[in-house]
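Please read the points below with the model in view.

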Amino acid sequence: MQITVIYAPAARQIKEVTLTLEAPCHVLSALQQSGLLYEFPEIDNLQIVVGIWGHPVGLKHLLRDRDRVEVYRPLRVDPKMARRERFVKQGARTTGLFVKKRLGAKAGY
């Protein structure tokens with residue numbers, strides 16, 4: 001069966017490995033056979049979060065043909081905090097649903 005293992009070590013950098021494996025295969029064995037655990041030692045622990053096509057699964061999950069195993073890295077910034085900082089930087093006039101669309105128009109119309 002064909003399995004694709006994907007890891008993004010940094011923003012806009014993607015490492016993708018396509019494997020051909022035997023039928024009863026777990027996520028952990030696919031990670032080991034992909035070589036990503038050796039290439040990126042920061043993901044070589046049992047605390048990593050993995051998913052298949054965007055749905056989180058465990059390391060003992062059985063894979064099916066044409067599954068895409070995604071290795072997720074931890075967030076560096078809390079999304080709520082990043083949104084607050086963006087709002088402070090941009091101000092209230094350039095965000096939200098009621099942004100001025102045309103010159104001279106009132107906000108919200």
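1. In this predicted model, Ile3 stands opposite Asp67 of strand β5. The strand β5 spans residues 67–72, and Asp67 belongs to it. Strands β1 and β5 are paired in the parallel sense, over 5 bridges.

2. Ile3 also has a bridge partner in β2, namely Leu19. Here the pairing is antiparallel: β1 (residues 2–10) and β2 (residues 13–20) are joined over 7 bridges. The hairpin of these two strands has 2 residues between them, and Arg12 adopts a positive phi near 65 degrees there.

3. The side chain of Asp67 does, however, reach the backbone nitrogen of Arg64 at 2.8 Å.

4. Which residues does Asp67 touch, not counting those up to four places away in sequence? They are Gln2, Ile3, Thr4, Ile52 and Trp53.

5. In helix α1 (residues 27–34), the residues Val27, Ala30, Leu31 and Ser34 are buried. These residues lie on the same side of α1, because they cover an arc of only 100 degrees around the axis. The elements covering them include β1, β2, α2 (36–39), β3 (49–52), β4 (55–57) and β5. Just after α1, Gly35 takes a positive phi of about 85 degrees.

Notes. Residues numbered from 1 in each chain as written. Predicted model: local features only at pLDDT ≥ 70, side-chain atom pairs only at ≥ 80, totals over all residues. Heavy atoms only, no water. Helix = DSSP H or I, 4+ residues; strand = E, 2+ residues; numbered from the N terminus. Polar contact = N/O pair within 3.5 Å; in protein donor to acceptor, adjacent residues only side chain to side chain. Contact = heavy atoms within 4.5 Å. Pairing = 2+ DSSP bridges. Buried < 20%, exposed > 50% of the residue type's maximum accessible area, 1.4 Å probe, protein only. Arc of directions from axis to C-beta.
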